[in-house]
Amino acid sequence: MRAIQRGLEVLQAVNRLGSARFVDVAKATAIPYPTVCRIVDTLVDAGMLEREEGRRYFKPTPLVQSLSLGFQEDDAFVKSAQPIIAELCDAVGWPITITTRVGNSMMVRASTHLQTTLTYNNYFPGYTLPLLQCSVGKAYVAFCGEEERQKIRTSLRKLDEIDPTTALFLRDEMSFLKPYRDVGYGFHTYNEHTKNPGKTSSLAVPIVVDGELKAAMGLIYFSSAMKTQHAAEKYTQAMREASETIIGAFAS
């Protein structure tokens with residue numbers, strides 16, 4: 001079971017990085033270097049990864065898309081959200097994402113990165129971020145129901161390696177979530193788990209449909225452009241209004 005878990009972690013890391021060396025994957029997953037080498041070789045044999053020509057980098061193959069063929073639960077919701085976040089992106093300039101929780105990660109389901117020049121990289125649907133180390137994940141955990149939060153706690157405790165942020169959450173959940181509950185949105189400065197670590201910061205609002213937390217909407221901005229408080233004052237109201245519009249479009 002541990003081998004399967006590590007294999008999935010490696011595949012997710014390469015998918016998130018887009019292209020990576022053994023050492024990059026080992027650093028991103030905290031899995032020992034020799035183990036990463038064996039797992040990557042296995043995924044290459046399985047056709048899920050391929051080596052870039054002339055370089056010691058590996059990237060996902062189109063075969064990885066087969067893993068998502070059955071994942072259609074939120075398709076209607078995402079289709080309802082896409083034109084609304086496109087309109088919001090036009091209004092604010094910064095890229096917008098719709099993300100949902102998948103295990104201990106938040107997965108991008110819709111994105112407007114291709115729509116704006118105010119981004120360092122394009123993040124397509126399927127890109128994942130660690131649950132507690134991104135604004136959308138913090139918004140999600142802060143405003144989901146207690147039953148789902150209990151499942152999250154149980155799942156996080158089973159991790160082989162628990163990072164300091166997760167350890168803090170498990171040790172004092174109320175204190176960890178209070179800043180986000182107090183203001184009604186998630187925030188994260190100097191995002192670490194991106195293709196340009198530290199270059200961006202983000203805000204996120206929860207999207208609740210019929211009393212159920214459905215997703216989180218994120219807005220990503222350059223860390224050098226403004227501080228969190230300034231960004232929140234400038235954009236969270238528009239994000240909340242867009243969230244309400246998405247809820248109405250999905251219900252109709």
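These numbered points go through the sheet, the helices and a few loop residues of this predicted model.

1. The sheet as a whole. The model contains an open sheet of 6 strands, which are arranged in the order β5-β4-β3-β8-β7-β6 and pair in the antiparallel sense. The two edge positions are taken by β5 (128–130) and β6 (186–188), and because each of these strands has a single partner, one side of each is left without a neighbour in the sheet. Passing from one strand to the next, the twist averages 30 degrees.

2. The pairing of β3 with β8. Strand β3, which covers residues 96–102, runs antiparallel to strand β8, which covers residues 212–222, and the two are joined over 4 bridges. A reader who wants to find this pairing in the structure can look for Ile98, whose bridge partner in β8 is Met217.

3. The strands β6, β7 and β8. The antiparallel strands β6 and β7 are joined by 3 bridges, and in this pairing Phe187 stands opposite Leu203 of β7. On the β8 side, β7 pairs in the antiparallel sense over 10 bridges, and here Leu203 stands opposite Leu219 of β8. Helix α5, made of residues 135–143, lies across β3, β4 (105–111), β6, β7 (200–209) and β8, and runs at about 35 degrees to β7. This helix is mostly covered, with 8 of its 9 residues buried. The buried residues of α5 are Ser135, Val136, Gly137, Lys138, Ala139, Tyr140, Val141 and Ala142, a list that includes the charged residue Lys138.

4. The packing of α5 with α6. The axes of α5 and helix α6 (residues 146–157) come within 8 Å and cross at roughly 125 degrees, so the two helices are oblique to each other. From α5, the residues Tyr140, Val141, Ala142 and Phe143 meet Glu148, Arg149 and Ile152 of α6.

5. The packing of α1 with α2. Helix α1 (residues 2–17) packs against helix α2 (residues 22–29) at an angle of about 110 degrees, and their axes are 9 Å apart. The two helices are therefore roughly perpendicular to each other, and α1 passes α2 in a right-handed crossing. On the α1 side the contact is made by Glu9, Val10, Ala13, Val14, Arg16 and Leu17, and on the α2 side by Asp24, Val25, Ala28 and Thr29. The residues of the contact of α1 with α2 divide into 6 nonpolar, 1 polar and 3 charged.

6. The hairpin of β7 and β8. There are 2 residues between the strands of this hairpin, in which Asp210 takes a positive phi near 50 degrees. Most residues other than glycine have a negative phi. Asp210, which lies in the loop between β7 and β8, counts as exposed at 81% relative accessibility.

7. Tyr190 in the loop between β6 and β7. A colleague checking backbone geometry may also wish to look at Tyr190, whose phi is near 50 degrees, a positive value in a residue other than glycine. Tyr190 belongs to the loop between β6 and β7, and is exposed, with a relative accessible area of 52%, where the cut-off for exposed is over 50%.

8. Asn196 in the loop between β6 and β7. Asn196 is likewise placed in the loop between β6 and β7, but counts as partly exposed, at 25% relative accessibility. Leaving aside residues up to four places away in sequence, Asn196 touches Tyr120, Asn121, Tyr123 and Asn191. One of these, Asn121, is 75 residues apart from Asn196 in sequence, while the two are 8.1 Å apart in space, C-alpha to C-alpha.

Notes: Residues numbered from 1 in each chain as written. Predicted model: local features only at pLDDT ≥ 70, side-chain atom pairs only at ≥ 80, totals over all residues. Heavy atoms only, no water. Pairing = 2+ DSSP bridges. Axes fitted to C-alpha atoms, helices over the stretch in contact; angles between N-to-C directions. Contact = heavy atoms within 4.5 Å. Buried < 20%, exposed > 50% of the residue type's maximum accessible area, 1.4 Å probe, protein only. Parallel < 35°, antiparallel > 145°, perpendicular 65-115°, else oblique. Left-handed = near helix turned anticlockwise from the far one by under 90°.
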